Amino acid sequence: MMNFSLPFIPERENPPRETGLTSVMDKGLSLRQAEDLFSVAGHLIDIVKIGFGTSIVSGQLKEKISFYHKNKVKLYFGGTLFEAFLLRGMKDDYKRYLDTFQMEMLEISDGSMHMEHYEKCRLIEEFSRDYRVISEVGSKNAKVVYTEEMWVEQMRTELEAGAWKVIAEARESGTVGIYDHHGKANKHLIDTISHTIDVSNIVWEAPIKSQQVWFIKAFGPNVNLGNIAPSEVIPLETLRLGLRGDTFLDFIPEVIHLNNK
Amino acid sequence: MMNFSLPFIPERENPPRETGLTSVMDKGLSLRQAEDLFSVAGHLIDIVKIGFGTSIVSGQLKEKISFYHKNKVKLYFGGTLFEAFLLRGMKDDYKRYLDTFQMEMLEISDGSMHMEHYEKCRLIEEFSRDYRVISEVGSKNAKVVYTEEMWVEQMRTELEAGAWKVIAEARESGTVGIYDHHGKANKHLIDTISHTIDVSNIVWEAPIKSQQVWFIKAFGPNVNLGNIAPSEVIPLETLRLGLRGDTFLDFIPEVIHLNNK
Amino acid sequence: MMNFSLPFIPERENPPRETGLTSVMDKGLSLRQAEDLFSVAGHLIDIVKIGFGTSIVSGQLKEKISFYHKNKVKLYFGGTLFEAFLLRGMKDDYKRYLDTFQMEMLEISDGSMHMEHYEKCRLIEEFSRDYRVISEVGSKNAKVVYTEEMWVEQMRTELEAGAWKVIAEARESGTVGIYDHHGKANKHLIDTISHTIDVSNIVWEAPIKSQQVWFIKAFGPNVNLGNIAPSEVIPLETLRLGLRGDTFLDFIPEVIHLNNK
């Protein structure tokens, strides 16, 4: 849906799509706020994450989940909640929790607790029989640093184990994992990852505008981006389309661009 | 209200409670936005502050106040407004203002103007006969620095004068008072305060996530925290309960924790 | 509209007004969110900008525009969108776009593309025959730096060409144009501008609170400020009125002020 058709605007598929995904972080929207978001930007949203353990303490959860499902968005609870159940030896209770709320998707992560990687892959395999699994690589703890080889190897094996997509960790703050503590992208690491893993299978967490711009310039308008704040969904789409200053000239043929130098 | 019951989650009382308070900063919510907040997080909110002088210029004020009162939340106007009346010699007009809006609580502060401390205590005494008083210690001006002895002495005497709780100043930005200008907690000052004053009588202003984490680690999940943005009420509750990365392992018995090292 | 009348509060006209303007940045509000904003702060808002290219991809656009027009606010699409049409040689299509949505105002800018300045003035002249034109001076690219003479000269000639007001660029981030990359105001530049150009004809983009405070202290409570986030409209008004800590003593006669030193 575009309110006017302009030339030299990158092609974007409509959801449901397999690439060019925008994944939104819901950390406590009310039902009405979710409706508000979808009334203006529903056509731009592929995935909603009900962040970390917020689903446990939020009112209106059932109503909100039902609204999201009715709107055909892929929906899951943040991986930290999965880890909270697992740490307590309550894997089956987590399945019950998912089923109570008719969740068809979950995140499997090890950002807050230690897990042997073969065990993580086993869990991905197990859950992917009954659910869509999105898995996440990278620690929330800035002190836990993986080598580039570990990033690639973990992503590769988690996809092989059955993960639909794999998320590259950055937190809501955008300051760990693929970024330094100022939020600057680790170019060498991201290059290495993208040379081995099909980029369409990765969702890069990019909560900060400069990070969104960086990934769009590196991988094009249809890169998958996650941890997008609800109020940033529409601004992000304008970045993807070259309709904001930061990417204004990125998708324009040189001949037009040069005329305006 | 929890959507699922997990073990090793800190005990939290339901409001009305005297400790573990979450105090929200409303700096201009509409009635509908207040309703949205309470539909998902009303059971987590103890206090709402209608910040600084915003009540003077906001539409829908009467309706919003009536909504908050109906929801049994403790409600007050920011102390800067009290100071604005006082500076103009209009103390009785402030009482009229409070009564017009059926406010049962007020903040007495001296963050923006000079006041002799015995005079502040006298005002606390006077107002606490007819209203619930919350008083605030600390200047909004980063150049006005109190000694640790002054912090303790002021808090002690204000509570004795009749204040229900005393607030430790940090502003909406979280960069003055008990924090340095980067927002980092002044550990020595806070230690000194908490050795003399009963922590359950203090509301620590902690608008930034790292500050909330710091206080929860220092004083436990039931520490009183203020200047919480509406959108951060639910995320804060997950920090209190160990359902977010930052405090994920803080409330877990060592034996379980070690199994996952 | 004030909920209580206090002395020593700066005089503010009601909209429609020609000075003391507050211009809001809407980067994707839903119709209901716009209604919420106006229910509490409609009387404080003069201008709404539907930022950069967001109008192209937003749902509910027609309904929201009609709501804004019904509320008598001056409304325009961000200048980046004008530039996106112009770069593609589609000036007349932009007029069609404006007319489809019954827009009576537009922004003419050259923040994202190069344009000869006489050509920009010619466009201002042309469009101002049929529309209210707001023009913008300053590049979104931090590397493009104008001399102070260029700032003054461009503002002067754009107003002469027919611009209703001229905007001093800062972006949504507040870190270019009239500010350094930390967001600190370029005092010398702003002084120079204000000595030649009538300040009532300038809208200073000031998204950050410290910037709003700076301009209110420099030019008084009725300075025109732009790129104000919806949630900051009411807090900004309290800054203009001396009802927030930062400007608390700015409009108070010395005799009262000194009594409280």
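Trainee: Is B:K140 buried or exposed?
Mentor: In this predicted model local features need pLDDT of at least 70, side-chain atom pairs count only at pLDDT 80 or more, and totals for chains, interfaces and linings use all residues. Residues are numbered from 1 along each chain as written, chains are lettered from A and ligands numbered from 1 in the order written, and side-chain values use heavy atoms, without hydrogens and water. The scale is buried under 20% relative accessible area, exposed over 50% and partly exposed in between (1.4 Å probe, protein chains only). B:K140 has a relative accessible area of 18%, so the residue is buried.

Trainee: Which residue forms a salt bridge with B:K140?
Mentor: A salt bridge needs a side-chain nitrogen of Lys or Arg within 4 Å of a carboxyl oxygen of Asp or Glu. At 3.0 Å from N to O, the side chain that meets B:K140 is that of B:E169.

Trainee: How many residues apart are B:E169 and B:K140?
Mentor: B:E169 is in the loop between strand 6 (165-168) and helix 8 (187-196) of chain B, and B:K140 is in the loop between strand 5 (132-137) and helix 7 (148-160) of that chain. These elements are DSSP runs numbered from the N terminus, namely helices (H or I, at least four residues) and strands (E, at least two).

Trainee: What is the relative accessible area of B:E169?
Mentor: B:E169 belongs to a salt bridge with B:K140. B:E169 counts as buried because its relative accessible area is 0%.

Trainee: Which residue forms a salt bridge with B:K120?
Mentor: The closest N and O atoms of this pair are 3.1 Å apart, and the partner of B:K120 is B:D110. B:K120 lies in helix 6 (residues 117-128) of chain B and its partner in the loop between strand 4 (105-108) and helix 6, so parts ten residues apart in sequence are tied together. B:K120 is buried at a relative accessible area of 0%. The partner is likewise buried, with a value of 8%, and its name is B:D110.

Trainee: How many residues apart are C:E126 and C:K95?
Mentor: In the salt bridge of C:E126 with C:K95, the closest N and O atoms are 2.9 Å apart. C:E126 is in helix 6 (residues 117-128) of chain C and C:K95 in helix 5 of chain C, and the separation of this pair is 31 residues.

Trainee: What are the relative accessible areas of C:E126 and C:K95?
Mentor: Both residues count as buried. The value for C:E126 is 11%. For C:K95 the value is 19%.

Trainee: How many salt bridges does a search of the whole structure find?
Mentor: Some salt bridges join into a network, one of them linking A:K91, A:K95, A:E119, A:R122 and A:E126. Over all chains, the search finds a total of 74.

Trainee: What is the angle between the planes of C:F77 and C:Y97?
Mentor: Rings of Phe, Tyr and Trp (its six-membered ring) pair if their centres lie within 6.5 Å; planes under 30 degrees apart are stacked, over 60 edge-to-face and the rest tilted. By this rule there are 59 aromatic pairs over all chains. C:F77 and C:Y97 form a tilted pair, 5.1 Å from centre to centre, with a plane angle of 35°.

Trainee: Which parts does the pair of C:F77 and C:Y97 tie together?
Mentor: The two residues are 20 residues apart in sequence, so the pair ties together separate parts of chain C. C:F77 is buried at 0% relative accessibility, and C:Y97 is also buried, at 0%. The parts are strand 3 (residues 74-77) and helix 5 (residues 91-100) of chain C.

Trainee: What type of aromatic pair do C:F77 and C:F101 form?
Mentor: The ring centres of C:F77 and C:F101 are 6.5 Å apart and the planes lie at 85°, which means that the pair is edge-to-face. This pair links strand 3 to the loop between helix 5 and strand 4 (105-108) of chain C, 24 residues apart. C:F77 and C:F101 are both buried, and the type of their pair is edge-to-face.

Trainee: Which chain A residue is in the aromatic cluster with C:F77?
Mentor: The cluster includes C:F82, C:F85, C:Y94 and C:Y97. The member from chain A is A:F4.

Trainee: Which residue of chain C forms a salt bridge with A:D36?
Mentor: Five salt bridges cross the interface of chain A and chain C. In the one formed by A:D36, the closest N and O atoms are 3.1 Å apart, and the partner is C:R32.

Trainee: Which residues of chain C lose the most area to chain B?
Mentor: Buried area is the accessible area (1.4 Å probe) that two parts lose on being put together, summed over both. Between chain C and chain B the area is about 2900 Å², with 63% from carbon and sulfur atoms. Three residues together give 24% of what the chain C side buries: C:N3, C:F4 and C:F248.
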